[in-house]
Amino acid sequence: MRLRQVEKAFDHPDYIFELKHDGFRAVVYLQKGECKILSRNLNDLRFASLKEALAKLPVQNAILDGEIVFLDKNGVSRFYQLLGQGTPIFYAFDLLWLNGEDLRTKPLLERKETLHALINSSTCTRILYAQHVERYGKRFFKEICGRDLEGIVAKRKRSVYRNDGIGWIKIKNRSYSQAEGRQELLTRSR
């Protein structure tokens, strides 16, 4: 699912709102005790210790969508730590496949419920479930900005998982301090 950016947060009874962590968007593929992590551009992401940890999830096979992040002691994602010596975790916000069943046509809240149960049944400490707020995006966004976090993502509760150009909606904190100088860094490293 692609992210489409809008300028203002909104309230809507058909939407849920999740924290937008600052990291690498990734899809995790689990198959018979092995783990592969791909970027949104289908590049193989290394993160060997994370792959090893996620491979132990109690599944025959699964596909999860999420963000690879480094969290500081306050639970705040720190992008630059992820590039260096930080220990990455997987912030899971969707479950597309589980034990031979394609879940993409199920409503988002049903997929998230199954994902939550999977994570709770696991002893893996390197995966977190993406909690959400229903309906009240404006108040949630105000809180996120007040804590100097990256932003929020809005998703229709009953949406299926597909890449049709509509996707999910991101609302970024324009005053997010960790974004300062990032574009220059990424441009220089190319």
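**Figure 1. Cysteine residues in the predicted model.** In this predicted model, the sulfur of Cys-124 has its closest cysteine sulfur in Cys-35, at 9.4 Å, which is too far for a bond. A disulfide is a covalent bond between the sulfur atoms of two cysteines. The cut-off applied here is a pair of cysteine sulfur atoms within 2.5 Å, and a search of the whole structure returns zero disulfides. Cys-124 counts as buried because its relative accessibility is 15%. Cys-145, at 28% relative accessibility, counts as partly exposed.

**Figure 2. The salt bridge between Asp-65 and Arg-25.** Asp-65 and Arg-25 form a salt bridge in which the closest N and O atoms are 2.7 Å apart. Asp-65 belongs to strand β5 (residues 61–69) and Arg-25 to strand β3 (residues 24–31), so the pair ties together parts that lie 40 residues apart in sequence. Both partners are in the interior class by accessibility: Asp-65 is buried, and Arg-25 is buried as well. The count of salt bridges in the structure comes to 14.

**Figure 3. The salt bridge between Lys-172 and Glu-150.** The side chains of Lys-172 and Glu-150 meet in a salt bridge with an N to O distance of 3.8 Å. Lys-172 lies in strand β11 (residues 168–172), whereas Glu-150 lies in the loop between α4 (137–146) and β10 (151–156), so this pair ties together parts that are 22 residues apart in sequence. The accessibility of the two partners is as follows. Lys-172 has a relative accessible area of 30% and is therefore partly exposed; Glu-150, with a relative accessible area of 7%, is buried.

**Figure 4. The salt bridge between Glu-101 and Lys-106.** Glu-101 forms a salt bridge with Lys-106, and the closest N and O atoms of the pair are 3.5 Å apart. Glu-101 counts as partly exposed because its relative accessibility is 40%. Lys-106 also counts as partly exposed, at 26% relative accessibility.

**Figure 5. The surroundings of Glu-134.** Glu-134 is found in strand β9, which comprises residues 133–136. With a relative accessible area of 37%, Glu-134 is partly exposed. Glu-134 and Tyr-15 are 119 residues apart along the chain, yet their C-alpha atoms are separated by 6.2 Å. When residues up to four places away in sequence are not counted, Glu-134 touches Tyr-15, Ile-16, Leu-109 and Lys-157.

**Figure 6. The surroundings of Arg-158.** Arg-158 is placed in the loop between β10 and β11. Its relative accessibility is 69%, so Arg-158 counts as exposed. Although Arg-158 and Asp-14 are 144 residues apart in sequence, they are 7.7 Å apart in space, C-alpha to C-alpha. Residues up to four places away in sequence being left out, Arg-158 touches Pro-107 and Leu-108.

Figure 7. Phe-47 has a phi near 40°, a positive value in a residue other than glycine. Phe-47 lies in the loop between β4 (34–39) and α1 (48–54), and its relative accessible area of 18% makes it buried. Asp-148 likewise has a positive phi in a residue other than glycine, with a value near 55°. Asp-148 lies in the loop between α4 and β10. Asp-148 is partly exposed, with a relative accessible area of 27%.

**Figure 8. The second largest pocket.** About 230 Å³ of space lies in the second largest pocket. Its lining consists of 13 residues; those nearest the centre of the pocket are Leu-19, His-21, Leu-71, Gly-75 and Tyr-91. By class, the lining contains eight nonpolar residues, four polar residues and one charged residue.

Note on methods:
Residues are numbered from 1 along each chain as its sequence is written. This is a predicted model: local features need pLDDT of at least 70, side-chain atom pairs count only at pLDDT 80 or more; totals for chains, interfaces and linings use all residues. Side-chain values use heavy atoms; hydrogens and water are left out. On a 1 Å grid over the protein atoms alone, a cavity is a set of points where a 1.4 Å probe fits but cannot get out, and a pocket is an open set with protein on both sides within 12 Å along at least five of seven lines; lining residues have an atom within 4 Å of a point. Grid points are joined across faces, edges and corners, and a volume is the space filled by probe spheres set on the points. Ala, Val, Leu, Ile, Met, Phe, Trp, Tyr, Cys and Pro count as nonpolar, Asp, Glu, Lys and Arg as charged, and the others, Gly among them, as polar. A salt bridge is a side-chain nitrogen of Lys or Arg within 4 Å of a carboxyl oxygen of Asp or Glu. Helices (H or I, at least four residues) and strands (E, at least two) are DSSP runs, numbered from the N terminus. Buried means under 20% relative accessible area, exposed over 50%, partly exposed in between (1.4 Å probe, protein chains only). Contact means heavy atoms within 4.5 Å.
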